[in-house]
Number of protein chains: 4
Amino acid sequence: MSYKKRTRDYGVIIGELPTGKQNLITDVDGVTVGQVTLDDGEIQTGVSAILPHQGNLFQEKVMGASHIINGFGKTIGTVQLDELGTIEAPIVLTNTLSVGTAASAVIDYTLQNNEEVGRTTGTVNPVAGECNDMVLNDIRKQSITKRHVLSAIKNASSHFEEGSVGAGRGMLCYSLKGGVGSSSRLIELPHGTYTLGVYAVSNFGTLKDLTINGRAVGRTLTSILKEKRESEKGSIMLIAATDLPLTERQLKRILKRSVVGLTRTGSIISNGSGDIVIGFSTAVRIPHEHPDSLLHFSCLHEEDMDLAFRAIGEASEEAVLNSLFTATHIIGRNQHDRPTLSALLEKYEINL
Amino acid sequence: MSYKKRTRDYGVIIGELPTGKQNLITDVDGVTVGQVTLDDGEIQTGVSAILPHQGNLFQEKVMGASHIINGFGKTIGTVQLDELGTIEAPIVLTNTLSVGTAASAVIDYTLQNNEEVGRTTGTVNPVAGECNDMVLNDIRKQSITKRHVLSAIKNASSHFEEGSVGAGRGMLCYSLKGGVGSSSRLIELPHGTYTLGVYAVSNFGTLKDLTINGRAVGRTLTSILKEKRESEKGSIMLIAATDLPLTERQLKRILKRSVVGLTRTGSIISNGSGDIVIGFSTAVRIPHEHPDSLLHFSCLHEEDMDLAFRAIGEASEEAVLNSLFTATHIIGRNQHDRPTLSALLEKYEINL
Amino acid sequence: MSYKKRTRDYGVIIGELPTGKQNLITDVDGVTVGQVTLDDGEIQTGVSAILPHQGNLFQEKVMGASHIINGFGKTIGTVQLDELGTIEAPIVLTNTLSVGTAASAVIDYTLQNNEEVGRTTGTVNPVAGECNDMVLNDIRKQSITKRHVLSAIKNASSHFEEGSVGAGRGMLCYSLKGGVGSSSRLIELPHGTYTLGVYAVSNFGTLKDLTINGRAVGRTLTSILKEKRESEKGSIMLIAATDLPLTERQLKRILKRSVVGLTRTGSIISNGSGDIVIGFSTAVRIPHEHPDSLLHFSCLHEEDMDLAFRAIGEASEEAVLNSLFTATHIIGRNQHDRPTLSALLEKYEINL
Amino acid sequence: MSYKKRTRDYGVIIGELPTGKQNLITDVDGVTVGQVTLDDGEIQTGVSAILPHQGNLFQEKVMGASHIINGFGKTIGTVQLDELGTIEAPIVLTNTLSVGTAASAVIDYTLQNNEEVGRTTGTVNPVAGECNDMVLNDIRKQSITKRHVLSAIKNASSHFEEGSVGAGRGMLCYSLKGGVGSSSRLIELPHGTYTLGVYAVSNFGTLKDLTINGRAVGRTLTSILKEKRESEKGSIMLIAATDLPLTERQLKRILKRSVVGLTRTGSIISNGSGDIVIGFSTAVRIPHEHPDSLLHFSCLHEEDMDLAFRAIGEASEEAVLNSLFTATHIIGRNQHDRPTLSALLEKYEINL
């Protein structure tokens, strides 16, 4: 993969907290991301998989939570996630009509790795999210197969590409080409330095609303392009990872602050946009097997939360912007396409 | 199908409200139920589909809501259901590991009937629930295919069988054979007579807790059978239908009262039991197409709600009991089986 | 106080778990209850205060949570309780129109004991609940003063009376005299024996629905008394205490199961009944002061939760019944009164 | 009252929608606001009352809802508001330690106007919110009396002042003087033009984060003032009014979007900030008395919601900014004060 210029390469610095080493979700130790991209004429779609750690997730769960910013979305798995507060399988993202397939594939993955599931122990809760890529992708074809999902899980790594790849392949954002973006922040507290990272699949917003670090770039572009108003459809999936020691309540509080980043890029959280956040902390592992003892964990004092709140706001904002800056041009279904932000900035000589 | 004795045939009258004509969820005008049963040695499972009306559900949605009594379950579709308050496709129930397949099948069904989905309009929100039938069914085989689901939708009718059929095929309840049960109640208000019906797939509880109309039948049976304590796993799915004119808030308030019936059969709402209620009102149809006008509704004055609360409690209790009374004996995976309630009552000459 | 016969004195044993030593909420180590009763002609009302421990609650908070079974109630303090998961002051219960006064008094109490509140640190979150005692009490008089509340807090003890006392003074339950009841259960787990207790102020239900351990006593009494149907108004406040080590999510899961006990006494969770549960765990103390370190906790493995679920269901059921059995006859506003359960059982020679 | 320059007077135009006539919450027909200000040395506090219409609110309720952005707050009345979806009394805002008094005063107000409350019908649900003004006000004195609250209700009018008045008297916002601000938007739909207005009491944020229409004014001021970082405490109360015909679910969806405006002024929704929204629609009146008939209402098609979402985001942002621009300098407890935004802009010649 060739290097793609990211937000900071344009001189745009979001917020005040330091980023992790790669400025990616995988700066959180143990987290990996796998992406499979389908690029075949009318088929422009893909799968992303986020793995909280490299062990057996079903046997050693991580603490998880969800937050629904706007529920016009088909994310699977939130009922149990909210009740039990655990992630026990890779989180998968794909296009809307393939979300059932994604869930089935995660079930397969878990069955393959855990012979006792469905025999001597219960079943697994697949968590799968989606955005609708129907403009660029022939979504009715439901081209994603279980094999694609399993492949994304298998190829997960601490390095991964942003832009028009994985689940972000066919996505649009602010009427431009959207896709995958990621960012991370370091949280320095007296008892340690922690990392929080966000992985975004961006597929929401109207051009006129696009805001880059406070600047109304969308309004400028709208007047240049004489773009008529498009209705605001589409969605955003945000996956947040951290190694902060937290209770589920604290994790959920953090997830809620992702909206700060979202709105600062210009979102009005429109009706048709399924804006959903799934998050986890890797600080403890919760054993599937029932021990004879209590579980022991640590958490932040509530007054330490503000840095984490700031971190997820900044990382969410920068992840969305990274998805826009790194998106590459593709031509999809019915020759549809959308300009990329980088091309427009260059063409109209807009400096940020 | 041969006639199976139901709760009332044993002289057990639950509550005080009159039942609908069939004492089934399909007493609510327009509602139909389809069931496909797989009975093949180690494969003892099935699918149930509930259709709120006979028109195009995507084009003419009904008001819907969900309530999570206990979220240890994998039900799909609640995120959007809670946000938008609409059901726009048949509700499907099946075994836990087939819930992704169920969602995919509902997507197929909607695509087949709506050419504009994924083209000129958005996508569809499949609602699919599940219970875990792994004791009697080889659930790891994931035997349910999209064809089974589509067949359940297609054969939906206002008449349907209870017992060891459809999604209830392999289910256990109170350590006995569980399955499908249904019941309905009439709600007489000054402005009209309304109907509320419940469809249950029962798969929860421990024998010692079984209570029939206040009577501790489970304790009696436990002492006769010298049954050791089994851990309480399994779940219950409840689908509630009504023609009451309601707001979504009111519908949700009604769904919450299904717990009254559940606990009166003996449930302690145990950890491992995903106890989930999906409900809808057929009183209005919400057009998918965006009109130029407002939508017009009616709803109950809040003081009229008590009869609806009583109705869902009674119907939920009786639906669970009907599932137990009508369950037929089956031998499943590894020769596992569970006694039926009717057989035990007869064998030990227990009168209710 | 003279001894009043409680549920078990009538030979009625609710559930299967052992009770704590006193079968009261105060069996949870450190918990105390204070009650002030106003008995003056038309004024028949009172205050109850529940203290989670005997130290400075503002400085050393306990983990807390709430659950709204039915929100037709005016309980104060749940917004912050749900967000932060802490109880930082005595919990106060009283009549509906005095709930503002109760909150003000808890603020006074906290100011008196914490000079820094409102100076160098923030404010306090008072938690106050209520039921409506307007039939027996001239509620419009708002007779409860801050002094009554402070007195209830001051006289809190590990021994306390049940029946027509404290916040339960003027309450009705199942059209009989209601009031204060309490009960507790022991939870034996491999890593220790824990206690869970419930304190109820009962003020809900219609006579015909009263059920005692499965027996339809209300129906019997209705036919004897030829009692016309009364509409179901009134509410129930349940306070649950435990020393179980839990996360806030787990505590909330436990609180939700109080509905099991409630419905088994006959409740249909009627529209006009504010059925609200506030609970806390004393297992850890959360310091108000911000330390430089993490907080350390223990919690149950989720599979250990079932015993806690069973415990709160049983204790809630028995607490409500205890309130009925121990209620004494009072004559209130406009010479209104309600029969006591104990008197009716004796008069009509009903054995349980 | 002398005219105070508002946001638009500085050439700052928030968003794209037209404002109502006064650009105040009272542009929604029938809505009035009353404010009482206490200005007496160490006592710098006040009360605000918002009345949804001029009739008897208890007899003719309006549809209401709440949304908790961050629950570190002591708002009273949300339990019943969320359950029943109605506002039945004036909404009152004041300082944190006076919230119990505010509730008691609203109870008094309702008793005075409704003889049957607490006699032949139930009680009233007071809704009262708060922010902590302890820096400028001697909050421990609890200077607000029921008389102040009743006076605010009584003097409510469709004209009212912004700035350091009413509940906003002692508030701080972004380390500057905060207070009361308001704004409104028109929503033009095919079936009519509707109005949505917001009333804010602003008391949150850190100077460095202050953003005015995308411009990082706070960072500029921080570097000029060499202001050290203050911890982010304080809260914001937002009251939203509209005449849009809605269901409670739709109203709640709209309230959730107030966060868009909040974050655009720079909020990171910090831990210590109780950010709470209460809203209502005046489109229907819900009778307290139980009629023999159904209630009839209208609501928006969901696709019409985006304009309402945009409106509340814009009005919330501008209401917060208006509170900052119109705030006047006051000296309070211990000679504490905070600069006003208008003074700083003038002094340092910052053009917006």
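Me: How do you know how many residues of chain B and chain C take part in the contact?
Reply: Contact means that heavy atoms lie within 4.5 Å, and 27 residues from chain B and 27 residues from chain C take part in it. Please keep in mind that this is a predicted model, in which local features need pLDDT of at least 70 and side-chain atom pairs count only at pLDDT 80 or more, while totals for chains, interfaces and linings use all residues. Residues are numbered from 1 along each chain as its sequence is written, chains are lettered from A and ligands numbered from 1 in the order in which they are written, and side-chain values use heavy atoms, with hydrogens and water left out.

Me: What makes up the area that chain B and chain C bury between them?
Reply: Buried area is the accessible area (1.4 Å probe) that two parts lose on being put together, summed over both, and for chain B and chain C that comes to about 2500 Å², with 36% of it on carbon and sulfur atoms. On the side of chain B, the residues that lose the most area to chain C are B:I268, B:N271 and B:R310, which together account for 25% of what that side buries.

Me: Why is the pair B:R310 and C:D209 called a salt bridge?
Reply: The term asks for a side-chain nitrogen of Lys or Arg within 4 Å of a carboxyl oxygen of Asp or Glu. The closest N and O atoms of B:R310 and C:D209 are 2.7 Å apart, so the pair meets that limit. Across this interface of chain B and chain C the rule finds four salt bridges.

Me: What makes A:R119 and B:D138 a salt bridge?
Reply: Here the closest N and O atoms are 2.9 Å apart, and the count between chain B and chain A is two salt bridges. As for the whole contact, 45 residues of chain B meet 45 residues of chain A, and these two chains bury about 3500 Å² between them, 55% of it on carbon and sulfur atoms. B:V79, B:R119 and B:R140 supply 21% of the area that chain B buries against chain A, more than any other three residues.

Me: Why is A:G118 called buried?
Reply: Buried means under 20% relative accessible area, exposed means over 50%, and partly exposed is in between (1.4 Å probe, protein chains only). A:G118 has a relative accessible area of 0%, which is under 20%, and therefore it is called buried. This residue sits in the loop between helix 2 and strand 6 of chain A, where helices (H or I, at least four residues) and strands (E, at least two) are DSSP runs numbered from the N terminus. Leaving aside residues up to four places away in sequence, A:G118 touches B:M134, B:I139, B:R140 and B:R333.

Me: Is A:F325 buried or exposed, and how do you know?
Reply: A:F325, which lies in helix 7 (residues 305-326) of chain A, has a relative accessible area of 3%, so it is buried. Among the residues that A:F325 touches are A:Y10, A:I212 and A:L352, not counting residues up to four places away in sequence.

Me: How do you know what span is expected of helix 2 of chain A?
Reply: The expected span is 1.5 Å times one less than the number of residues. Helix 2 (residues 99-113) of chain A has 15 residues, and its reach of 21 Å from first C-alpha to last is close to the 21 Å expected. This helix is also mostly covered, since twelve of its 15 residues are buried, and what covers them includes strand 5 (91-95), strand 6 (127-131) and helix 3 (146-154) of chain A, together with helix 2 (99-113) of chain B.
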